[in-house]
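This report describes selected features of one protein model. Please consult the sequence and the structure shown below while reading.

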Amino acid sequence: MRKPGALFGLPLLVFLGAPATAHEVRPAYLDIRESEPDGFTVLWKVPAQGRMRLALDAHLPKQCVETAAPIRSFEGSAYLERRVVDCAGGLRNGEIVVDGLKATLTEALVRIEYQNGGSEVGRLMPEAPSFTAAGAQTSLEVARTYFLLGVEHIMLGFDHLIFVLALMLLLHDRFMLFKTITAFTVAHSITLAGASLGYFSLPQKPVEATIALSIAFVASELLKVRPNELRYSEACPWVIAFAFGLLHGFGFSGALKEIGLPQSDVPLSLLTFNLGVEAGQILFVTAALALAWAARAIIGFHPALARRAISYAIGTSAMLWFIPRIATMAI
C-alpha cells in the first residue's frame with residue numbers, strides 16, 4: 001500500500017505562513033467575584049510580552065464604581081489589574097465591554113461568580129466584544145464556551161498541528177494512522193488532566209521549547225526513511241506519538257491555566273476543553289487527508305521529493321520556534 005504520508009504537501013503550506021512563535025492566540029480573562037451583596041473583586045488579565053501588553057481594556061456596567069485604587073502588575077506573560085467595585089443593584093442585565101478586541105486576533109473570557117454559588121461565563125470576540133450578565137447560566141452553556149476554547153486552541157496551535165502532520169507522514173496505512181492519533185490523544189489527555197488537577201506540573205517555558213524539539217526529531221526521522229527499510233519510528237509511530245503526546249499535554253494544560261480559570265471550574269473546563277481539542281484535531285486530520293487526496297489527484301508530484309521537501313520545512317519551522325523559546329527562558 002502506498003504511504004499516505006507522501007501526500008501532505010499542500011496542507012503544510014498553510015503553516016509556513018504562521019507566526020514563528022507558533023503560540024496559540026491567548027485570550028484575555030476577566031474574573032469577577034461577588035464578595036458581598038453588590039460588592040465585587042475584579043481581576044483583569046491580558047496577554048503580555050515583557051512589559052508590553054495587548055491594548056485591551058475591560059469596562060464594567062455603568063452602575064459599578066471603584067471603591068479602591070486598582071493594583072496593576074506584570075506577572076509572567078500577563079498584565080494583571082485588580083480592582084474592588086460596588087455595583088448598585090448587582091450585575092444582572094449589566095453590559096460588560098472589552099475595548100480593543102477588533103484590533104487583535106485574540107478574544108476575552110469573562111467569568112462571574114456570585115455569592116449564592118451561581119456563575120456564568122461569556123466569550124467575547126472581535127465581532128462581539130460585549131457580554132450582558134444574566135445572573136445565572138446552565139452547565140451546558142459553560143461547557144459550550146470551554147469546548148470552543150479547546151477547538152480554537154488546537155486550530156491556532158500551529159506547533160501541535162505540525163507535530164500531528166509529521167506523525168502522519170510516517171504512517172503506512174489507515175489502521176496505523178488510527179493507532180498513532182489515538183496514542184497521541186490518550187497521552188496528552190493524561191498529562192492535561194493531571195497537570196490541570198494539580199497532581200504534577202512542569203515549567204511552561206521548557207515544555208514549549210521541548211515541544212519544538214519533538215517536532216524537529218520527527219522531521220529528522222522523516223529524512224531517514226528508506227525504501228524497504230523500516231525504522232522503529234516508522235514501524236511503531238504510535239510509541240513516538242504517545243511519548244511526545246505526554247509532553248504536548250503539559251502544553252495544553254499550560255494554555256488552560258493561562259486563561260486563569262478558578263479551581264472550582266477545573267473539572268468541567270478540563271473535560272470540555274479536552275473534547276474541544278480532540279474535535280479540532282479530528283477536523284485537522286480530516287482536512288489534511290482531503291487536501292492531500294485533492295493535491296495528488298489534481299496536481300500530482302513525486303512522493304520521495306515531496307516527503308524530503310516537507311521534512312526540511314517542518315524541521316526548519318521547529319527550530320525557528322525552538323530558538324526564541326529558549327531565549328525567553330532567560331528572561
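In which helix is Ile190 found? Ile190 is found in helix α4 (residues 174-196); helices (H or I, at least four residues) and strands (E, at least two) are DSSP runs, numbered from the N terminus.

## Basis of the description

This is a predicted model, in which local features need pLDDT of at least 70 and side-chain atom pairs count only at pLDDT 80 or more, while totals for chains, interfaces and linings use all residues. Residues are numbered from 1 along each chain as its sequence is written, and side-chain values use heavy atoms, with hydrogens and water left out.

## A nonpolar surface patch

Ile190 is partly exposed, with a relative accessible area of 43%. In the terms used here, buried means under 20% relative accessible area, exposed means over 50%, and partly exposed lies in between (1.4 Å probe, protein chains only).

Together with Val186, Leu197, Tyr199, Phe200 and Phe242, Ile190 forms a nonpolar patch on the surface. The accessible area of these residues together is about 560 Å², as given by the Shrake-Rupley method with a 1.4 Å probe, where for residues only the protein chains shown count as cover. Patches are made of residues with over 30% relative accessible area and no salt bridge; like charges are joined within 9 Å, and nonpolar side chains (Val, Leu, Ile, Met, Phe, Trp, Tyr) within 5 Å.

## Salt bridges

Side chains of opposite charge can pair when their charged atoms come close. A salt bridge is here a side-chain nitrogen of Lys or Arg within 4 Å of a carboxyl oxygen of Asp or Glu, and by this rule the count comes to 12. One of them joins Asp57 and Arg53, at 3.3 Å from N to O. Asp57 is partly exposed, at 36% relative accessible area, and Arg53 is likewise partly exposed, at 29%.

Arg72 and Glu81 meet in a salt bridge of 3.2 Å, N to O. Arg72 counts as exposed at 52% relative accessibility, whereas Glu81 counts as buried at 11%. Both residues belong to a network of salt bridges that also links Glu66 and Arg83.

A further salt bridge is formed by Arg325 and Glu208, whose closest N and O atoms are 3.4 Å apart. Because Arg325 lies in helix α9 (residues 303-328) and Glu208 in helix α5 (residues 204-223), the pair ties together parts that are 117 residues apart in sequence. Arg325 and Glu208 are both buried.

## The disulfide

The structure holds one disulfide, defined as a pair of cysteine sulfur atoms within 2.5 Å. The bond joins Cys64 to Cys87, with an S to S distance of 2.0 Å. The torsion about this S-S bond is about 110 degrees, so the disulfide is right-handed. Distant parts of the chain are linked in this way: Cys64 is in strand β5 (residues 64-66) and Cys87 in strand β7 (residues 78-87), 23 residues apart. Both cysteines are buried.

## Strand β9 and its partners

Five of the six residues of strand β9 (residues 108-113) are buried, so this strand is largely enclosed by the rest of the structure. Two strands pair if DSSP finds at least two bridges between them. Strand β1 (residues 28-36) runs parallel to β9 and is joined to it by six bridges; Arg33 has Glu113 of β9 as its bridge partner.

Strand β10 (residues 119-124) runs antiparallel to β9, again with six bridges, and Val110 stands opposite Gly122 in β10. β9 and β10 form a hairpin with five residues between them. In the turn, Gly117 has a positive phi of about 100 degrees.
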